[in-house]
Amino acid sequence: MSDTVVEARNLDLAFGDVAALSNVDFTVARGDFVSLIGPSGCGKTSLLRVVADLAQPTGGTILVNGTSPHAARLARAYGYVFQAPALLPWRTVERNVTLPLEIIGLPKDEQRARAAQQLDAVGLGAFKRKFPWQLSGGMQQRASIARALSLQPSLLLMDEPFGALDEITRDGLNLRLLRLWEATNLTVIFVTHSIEEAAFLSSRIVVMSARPGRIVEVIDSDLPRGRDLDIRDDARFHALAGRVRTALRAGHSYA
Amino acid sequence: MRSRALPIATALLLVLALWYVAAAALNWTQANGDLLGTMSLAKPLLPAPHQIAIEFWNSTAGQRIDSKRSLVFHAAVTASSTLVGFALGVAIGLLLAIVLVHVRVLDRALLPWIVASQTVPILAIAPMIVVVFGALGLTGLLPKAVIAAYLSFFPVVIGVAKGLRAPDQLQLDLLHTYDASRRRVLAVLRWPAAMRFLFPSLKVAIAASTVGAIVAELPTGAESGLGARLLAGSYYGQTLQIWAALAMASLLAASGVGVVVLCERLVIRARGGRL
């Protein structure tokens, strides 16, 4: 397998007259944690949707795992975590996690085993018989991460997954996600508009500008692996966050 | 439950009291100004509640069940065409709803006709259905069930089509990432999401089906069924018989709704308490 998971060249995406992405070159290496950051409406979600074959580019080329996004989707090569948990309210937490496994037709005991494994990984093992509305917002989003990972994808696509949560819950989930990424050989593409979040989580940060969405700068993080929430008090963290902030400002015409 | 009993009982007593006043007023001339007499006429304009209750008792408990004088017998006849019509109406309604949601062209082509079908007075269309079916040699339960189905499919189509469209874009995108087929999306997403809309539709449908079955018995010259009983009662001015049959008809519709409510509770329980 190649070491490049996503490779986009001269990518354009337009909705009617409105250009969402313009001439985007974008590469993600295997094992990377890449954050896409930019102001709202900069096309970062659109870029993620193109990778996931949920939107079709109007120009340029894109390869996911060396194939088209369409083929990658059919091969269930990625797990997608949406802005909202999108859990089915009539299914228990466990049966929400087994939903994709049911669709690909795994045997029942295998479904349950994988659900148990993923729910334990996100700390929801004791809640598998609960219904989504009995969980807090943060727990619901953890369940949706467990669901995305139940297919055992090599690529995890996350679209502002913690955007609707309070800061304390968000810190906890960020740390959990980071540990999960470190413990596996997952590649993560993470959309956010929080500089702190991007700086804390990522191995690379892709800074985008708005209308049409363009990539302003790609910043490699020099923060060590195994980092803790305390690193946010570190000078290197501030330097990194500062670079992201400067790049974001450069992408804004009013800066 | 207890908190609901008091308001319901109060409303019932109020209605009964008003009824007695209305009965006394409407039967006044017929009883030659005798107040007690207004409550015991053989063919009153408006029977008093207790007269209806006695007539109801005599024509149910007081008759052999297979007798033509038994309301239970007539109710059973109406109930069978109601149930067959309901089953037929629900089946057609579900099928149409699924088709409308999945085939855009048919949604545009069929929906206006489905709505128009309900603007035709059922009293006008019922005799024609009976005549056409009769010409084909089909009599008895089937034409009546078809008329009941004609009324009951509509709330099911409208309600379930709305329910099948209830899932949001995020949930649809999610299943798209799994490459789920349309049939699969229907089974795991659209259909379960439609439950919230299905049960209210079924309650309306079962009541409409009862009305359809009774209306269908009117032009057929049927000798059995609650509709026939109503018709015979009105021919001979037997108001007591009419009101007792009406009471039986509402009991029939109410128990139908009751069964639907029971099914709804079972689904809610399986979902941990929410629909």
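In the predicted model, Ala8 of chain A stands opposite Phe26(A), a residue of strand β2(A). This pair belongs to the region where strand β1 of chain A, residues 4-15, meets β2(A). The two strands run antiparallel and are joined by eight bridges.

Strands β1 and β2 are part of an open sheet of three strands in chain A, in which the order is β2-β1-β4 and the pairing is antiparallel. The edges of this sheet are formed by β2 (18-29) and β4 (59-64) of chain A, each of which pairs on one side only. From one strand to the next, the twist averages 15°. Helix α1 of chain A, made up of residues 44-51, lies across β1, β2 and β4 of that chain. Relative to β2(A), helix α1 runs at about 60°.

The unreviewed entry carries the annotation "domain: ABC transporter", which covers residues 6-235 of chain A.

The contact between them takes 17 residues from chain A and 15 residues from chain B. On the side of chain A, helices α2 (69-74) and α3 (93-104) each supply at least two residues. The largest share of that side, three residues, comes from α3(A). By residue class, the side of chain A that touches chain B divides into 15 nonpolar and two charged residues, with no polar ones.

Within chain B, a pair of helices was examined. Helix α3 of chain B (residues 71-102) packs against helix α10 of chain B (residues 239-270) at an angle of about 45°, and their axes are 10 Å apart. The helices α3(B) and α10(B) are therefore oblique to each other. Their crossing is right-handed. From α3(B), the residues that take part in the contact are Leu71(B), Ala75(B), Thr78(B), Ala79(B) and Thr82(B). These meet Ala244(B), Ala245(B), Met248(B), Leu252(B) and Gly256(B) of α10(B). Seven residues of this contact between α3(B) and α10(B) are nonpolar, three are polar and none is charged.

Notes:
Residues are numbered from 1 along each chain as its sequence is written. Chains are lettered from A and ligands numbered from 1 in the order in which they are written. This is a predicted model: local features need pLDDT of at least 70, side-chain atom pairs count only at pLDDT 80 or more; totals for chains, interfaces and linings use all residues. Two strands pair if DSSP finds at least two bridges between them. Helices (H or I, at least four residues) and strands (E, at least two) are DSSP runs, numbered from the N terminus. Axes are lines fitted to C-alpha atoms, for helices over the stretch in contact, and angles run from 0 to 180 degrees between N-to-C directions. Two residues are in contact if their C-beta atoms, placed from the backbone, lie within 7 Å. UniProt positions are given in the numbering used here, feature names are shortened, and annotations may be inferred rather than shown by experiment. Ala, Val, Leu, Ile, Met, Phe, Trp, Tyr, Cys and Pro count as nonpolar, Asp, Glu, Lys and Arg as charged, and the others, Gly among them, as polar. Angles under 35 degrees count as roughly parallel, over 145 as roughly antiparallel, 65 to 115 as roughly perpendicular and the rest as oblique. A crossing is left-handed if the near helix is turned anticlockwise from the far one by less than a right angle, and right-handed if clockwise.
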